[in-house]
Amino acid sequence: MHELSIANSVLSIAEKAAPAANDGTVSAVNLQIGALSGIETDALTFAFSVIREDTLLKHAVLNIEIIPGEAACLQCALVFAIEGYSSACPQCGSNAIRIQKGKELKVISLTVEE
């Protein structure tokens, strides 16, 4: 379950960016996760909820925005949406594509309440 190690990394990043305890409480960690990343968001959310206990983020939840997959055809230059790695260009049928979006995992921001 690599989601546990991802949750640990997200927690570490958020703890480093969190304000001092007297400056507010982190209520959410806002993420962007690509649809092609292979990350199970339910498993990530569960893992985060378990490891956040006894940390500065013990009340924080994960807000996850899913970034759809997008590729560009290397033959005809069409940019198109994809749902998997085996997609072909819908215009020319080429399998020579470059994935442009959908593999990312980004910690975008923290939501802090006073």
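Me: What makes helix α1 oblique to helix α2?
Reply: In this predicted model, the axes of α1 (residues 2-17) and α2 (residues 41-51) cross at roughly 55 degrees and come within 8 Å. Axes are lines fitted to C-alpha atoms, for helices over the stretch in contact, with angles from 0 to 180 degrees between N-to-C directions. Under 35 degrees counts as roughly parallel, over 145 as roughly antiparallel, 65 to 115 as roughly perpendicular, and the rest as oblique. Therefore α1 is oblique to α2.

Me: How do you know which residues of α1 and α2 meet?
Reply: Contact means heavy atoms within 4.5 Å. E3, L4, I6, A7, N8, V10 and L11 in α1 meet A43, L44, A47, F48 and I51 in α2. These residues divide into ten nonpolar, one polar and one charged. Nonpolar covers Ala, Val, Leu, Ile, Met, Phe, Trp, Tyr, Cys and Pro; charged covers Asp, Glu, Lys and Arg; the others, Gly among them, are polar.

Me: Why do β4 and β5 stand at the edges of the sheet?
Reply: The open sheet has three strands in the order β4-β3-β5, with antiparallel pairing. β4 (79-82) and β5 (97-101) each have a single partner strand, so one side of each is left without a neighbour in the sheet.

Definitions and conventions: Residues are numbered from 1 along each chain as its sequence is written. This is a predicted model: local features need pLDDT of at least 70, side-chain atom pairs count only at pLDDT 80 or more; totals for chains, interfaces and linings use all residues. Side-chain values use heavy atoms; hydrogens and water are left out. Helices (H or I, at least four residues) and strands (E, at least two) are DSSP runs, numbered from the N terminus. Two strands pair if DSSP finds at least two bridges between them.
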